[in-house]
Amino acid sequence: MSVSLINTLSNPLKTASKFVSYQESASGLSASRLIQDTGTCLAPKVTFSRSKEDLAENIFLELSENAIVYLGPAVLGEKVARKIFSKGLNNQEKELVAKSFKELSGMPSKIKGKIVPIKAAIALSTMLIPLAEFSLSYFKNLFTLKVFNKSDFQNIASLEKNEEDKEQQKHVEKSAKQKIGLAGTVYGALLGLSVLMAAKGNKSNTLQKLSEFIIAPGDKLFKNNTKRAGFVNRYFSQDFNSENGKLAMSKGQLTACVGIGGLGYFGSSADRGKENLLETASRFPLIGFYIITGGELFDKGFKKLLSKLGCCKDVINKDYSSPSFKELETKAAELAKSRNTNITKEFKKLAGQKVVVAGVPYLFGIGIMGFFVAGMTNYFTRRRHKNFIRQENNI
């Protein structure tokens, strides 16, 4: 996108346009999702914090897990794992590591057989990310126990002021250390398998098939159904996406983080009592669904609504996709020619429409999903607790 054109915009629109443009770039994708999910999850939780312990937990957990999930793939995947497992490849083969399984399938079997296990090895070695996500919930429990000497959720959520149960604290500590140790053991096994795949994958039919299943499970499970295969690959493949030849977080990896991390959420919540578990059960499905695919559904639905209303039609395609900011300059030139206007005027209109189309779903995630879910879960937790008290007292 031309710098001169974006600089012709008014300051508010210029700022918003630069942010949307950065959001769409390869370098900005993970950072943008980091900002969005931190806003969606952390800001509302801070607003609705019920105690200093609750506040500290939320800050610790959200900042740590979002940094791991959205910055981890670029660091661990691209800069570490790819370099280590690609050492035995020539320069041309190293570039193929960023190709999709579909692209590799059209290449000679010898090349495919060599590259696919490397891709699977990289994917397995970066399972550290969802396993770290799983462990964070238990680290959070240890953090609150060691710093504030609290493990009773009723005290942490300011539902009651109970005396801390030492036996329950021991249980929370023991469980946390066991689960963190389990995650470490699982990762050690996966790391060992990734090394084996990289070293022997091109010589073993079994490892070759396992490698293909890891990076393209849909193709293995639904050989005769491309629609189902595509769905499974999109949401469950542990292969990286490729952005300008570099490895970037895929939807399947995000699903793994939400799913495996969810096991940690529920397990660590159960350790601290029924009310903590019920609060997690009421919040996690909504946030998890929105992070994986709900945001995309809202984005598409919003574009459909705008199309029906005849709004922003210059930046909404027939399939409800939207041209990137980089493509707007060319489109502005085409519109200026057909409408006999000037490119600056058309670009300003397009930029405004693009900011609306991209910005409203983005702000919805932060403002509506985040604050609504945080407020709702806190409300129902307190309400459930009052009901428990009434039942215990037979009121």
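**Exercise 1. Which residue's side chain does a polar contact of 3.1 Å join to the side chain of Lys354?**

Some conventions come before the solution. This is a predicted model, in which local features need pLDDT of at least 70 and side-chain atom pairs count only at pLDDT 80 or more, while totals for chains, interfaces and linings use all residues. Residues are numbered from 1 along each chain as its sequence is written, and side-chain values use heavy atoms, with hydrogens and water left out.

*Solution.* 
- Step 1: Lys354 is located in helix H17, residues 343–392, where helices (H or I, at least four residues) and strands (E, at least two) are DSSP runs numbered from the N terminus.
- Step 2: the relative accessible area of Lys354 is 3%, so this lysine is buried; buried means under 20% relative accessible area, exposed over 50%, and partly exposed in between, with a 1.4 Å probe and protein chains only.
- Step 3: the partner is Ser322, whose side chain is joined to that of Lys354 by the polar contact of 3.1 Å. A polar contact is a pair of N or O atoms within 3.5 Å; within protein, one must be able to donate a hydrogen and the other to accept it, and residues adjacent in sequence count only if both atoms are side-chain atoms.
- Step 4: the side chain of Lys354 also reaches the backbone oxygen of Pro323, at 2.8 Å.

**Exercise 2. Classify the packing of H4 with H8, and then that of H10 with H11, by angle.**

*Solution.* 
- Step 1: two packed helices are described by the angle between their axes and the distance between the axes. Axes are lines fitted to C-alpha atoms, for helices over the stretch in contact, and angles run from 0 to 180 degrees between N-to-C directions.
- Step 2: helix H4 (residues 52–85) and helix H8 (residues 128–148) cross at roughly 155 degrees, and their axes come within 10 Å. H4 and H8 are therefore roughly antiparallel, since angles under 35 degrees count as roughly parallel, over 145 as roughly antiparallel, 65 to 115 as roughly perpendicular and the rest as oblique.
- Step 3: the contact of H4 with H8 is made up of 14 nonpolar, four polar and six charged residues; Ala, Val, Leu, Ile, Met, Phe, Trp, Tyr, Cys and Pro count as nonpolar, Asp, Glu, Lys and Arg as charged, and the others, Gly among them, as polar.
- Step 4: helix H10 (residues 166–200) and helix H11 (residues 205–215) pack at about 120 degrees, with their axes 10 Å apart, which makes H10 oblique to H11.
- Step 5: Leu193, Leu196, Met197 and Lys200 of H10 meet Leu207, Leu210, Ser211 and Ile214 of H11, a contact with six nonpolar, one polar and one charged residues.

**Exercise 3. How many helices and strands does the chain have, and what share of its residues count as buried?**

*Solution.* 
- Step 1: there are 17 helices and two strands in the chain.
- Step 2: of its 395 residues, 48% count as buried.

Technical notes. Contact = heavy atoms within 4.5 Å.
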